[in-house]
Amino acid sequence: SGSSDPYCVVKVDNEVVARTATVWKSLNPFWGEEITLLLPRGFHSLTIYVLDEDTIGQDDVIGKVSLSHQQISAEPRGEWGAWRHGGQWDPSWHHGVPTLSPSAGVDSWLSLAPVNPDQEVQGEIHLELRVPERGHPRVLRCHLIEARDLAPRDASGTSDPFGRVSCCGHTLETAVMKKTRFPRWDEVLDFELPEGELGEAVLSVEVWDWDVVGKNDFLGRVEFFLDTLCSSPTRGWFQLLPFPSTTEDHGGQLGALRLAVRLQEDTVLLPHHYQPLIQLLSEPILCPAQSPEGTALAVLEEVTSGESRQDVATKLVEIFLGQGLAVPLLDYLTTRELARTTDPNTLFRSNSLASNSMEQFMKVVGLPYLHEVLRPVVNRIFEEKKYVELDPGKMEPRRGRRISFKGSLSEAQVRESSLELLKGYLGDIVDAIVGSVDKCPLPMRVAFKQLRRRVEERFPLAQHEEVRYFSISGFLFLRFFAPAVLTPKLFRLREQHAEPCTSRTLLLLAK
């Protein structure tokens, strides 16, 4: 069809750790997915593969982007906190908070590189390497103990691995272990070392999959400098690595991936270490008589930059939820913003700390409620796949009706049909929301009740009577229900992104 159904797979050190949704029938897919990974400090690389999903047969690999630990760490940024998937509150943090620490990252378009099967390796090998102190000539003893989690190279989902060790122009091999990805050789291979300086000489340990017919398949390798091995014995598990890449940059012929990666290294202490900070942040909530301008919250609000405001809001909501003070926090922040607002028409429309905190609070507290209200209608829109379009410049009359003995529909007929469908969907959504008062979480209702009271106090005139409702609907609809209708996948209403036709329906419906 001249198109693809792309999705991404994320690997850390050759282990699959995440997968995005599939974007159907697109060569310019948008995923917009945030994934938080807890990584070991010693990880080597992060690789994102872009694949084309096929309903029949094996999915096709389009290309990949690989980033080493060093590349991700090359551009440190001073930021507050770390990513949380979807902005959700993690209950494990409710007694403490992450420390302030620098982060590093990459945010750019990166050209996809071709995928060479011989370079796609995984697993580790257990080795013991030593040179006995006595004896002439010197002998390097290479003990291949075992390997684990090797890549499957055979149709059975296993491999037939053997080890191949090269040193100083000589090569020795272990026995072949049949049908396993976790071979145990327990073999010692001896190599006589030349006299004198060893210079840049290396010991190369490779793992291969033995095949009866055709060429053996490469499973990974690891190298050691001989002068290092002579000075001290080495034993441990070592990650298998691919052959050094000789592939040149294809100049974006395979496409490019827009990727934002941020590496955050946090040192998390025991909960009691954070109590002074939590008490300091909680002072204006627990002691409202105190002047609000000199509090830690007020200072934090002033110094927080626009790009990190959402992170700060997420962390504050996590902390105050853990303390049972989230609603008073929102009351404090919205009251401060009301005091700065002179035009009620601009109320809570900016990317302020109050707006971001309320948005994060609704996502954390109200996500099950959102699912209960919207899921039936959203599922129906996905299943029906109706053609909806109101813009004459984008209309395709032939798609307005699958079978028509009268030929293509006119623009007016497509518009009329689309309006009817949109009104039907929208009516069902509004009815579901209006009828869900008793299901709305109590903390959200209390927060909105306080917000309405504060707005009435700030704008008491009769001409501003509707502001009390707009302030609530601005959060409840513009920052909660409408974004979930627009991108159900990001609010976990659907497992996959919408196809283009359904996506257009959701966009018009959200508007």
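**Ground rules.** I number residues from 1 along each chain as its sequence is written, and I leave out hydrogens and water, using heavy atoms for side-chain values. Since I am reading a predicted model, I keep in mind that local features need pLDDT of at least 70, that side-chain atom pairs count only at pLDDT 80 or more, and that totals for chains, interfaces and linings use all residues.

**The sheet.** I looked up the strands (DSSP runs of at least two residues, marked E, numbered from the N terminus) and found four of them in an open, antiparallel sheet with the order E2-E1-E3-E4. Strands E2 and E4 (60-68) stand at the edges with a single partner strand each, so one side of each is left without a neighbour in the sheet. Direction ignored, neighbouring strands here are turned by 25 degrees against each other on average, where axes are lines fitted to C-alpha atoms. I then followed the pairing (at least two DSSP bridges between two strands) of E1 (residues 6-12) with E3 (residues 45-52), which is antiparallel and runs over seven bridges; within E3, Leu 46 stands opposite Val 12.

**Val 16.** I placed Val 16 in strand E2 (residues 15-19). Beyond four places in sequence, Val 16 touches Val 9, Val 10 and Lys 11, contact meaning heavy atoms within 4.5 Å. I also noted that Thr 47, 31 residues from Val 16 in sequence, lies 9.3 Å from Val 16, C-alpha to C-alpha.

**His 69.** I found His 69 in helix H1 (residues 69-72), a helix being a DSSP run of H or I with at least four residues. Is His 69 buried or exposed? His 69 counts as buried because its relative accessibility is 13%, and buried means under 20% relative accessible area (1.4 Å probe, protein chains only). Its contacts beyond four places in sequence include Arg 41, Phe 43 and Glu 265.

**The cores.** I next looked up nonpolar cores, sets of buried Ala, Val, Leu, Ile, Met, Phe, Trp, Tyr and Cys residues joined through side-chain atoms within 4.5 Å. The largest has 46 residues, and Phe 361, Leu 374, Met 444, Phe 448 and Phe 481 have the most contacts inside it. Helix H7 (353-384) is among the helices that each supply at least two residues of this core, and H7 gives the most, with 13 residues. A second, separate core of 26 residues includes Leu 144, Val 222, Phe 238 and Leu 240.

Note on methods: Buried < 20%, exposed > 50% of the residue type's maximum accessible area, 1.4 Å probe, protein only. Axes fitted to C-alpha atoms, helices over the stretch in contact; angles between N-to-C directions.
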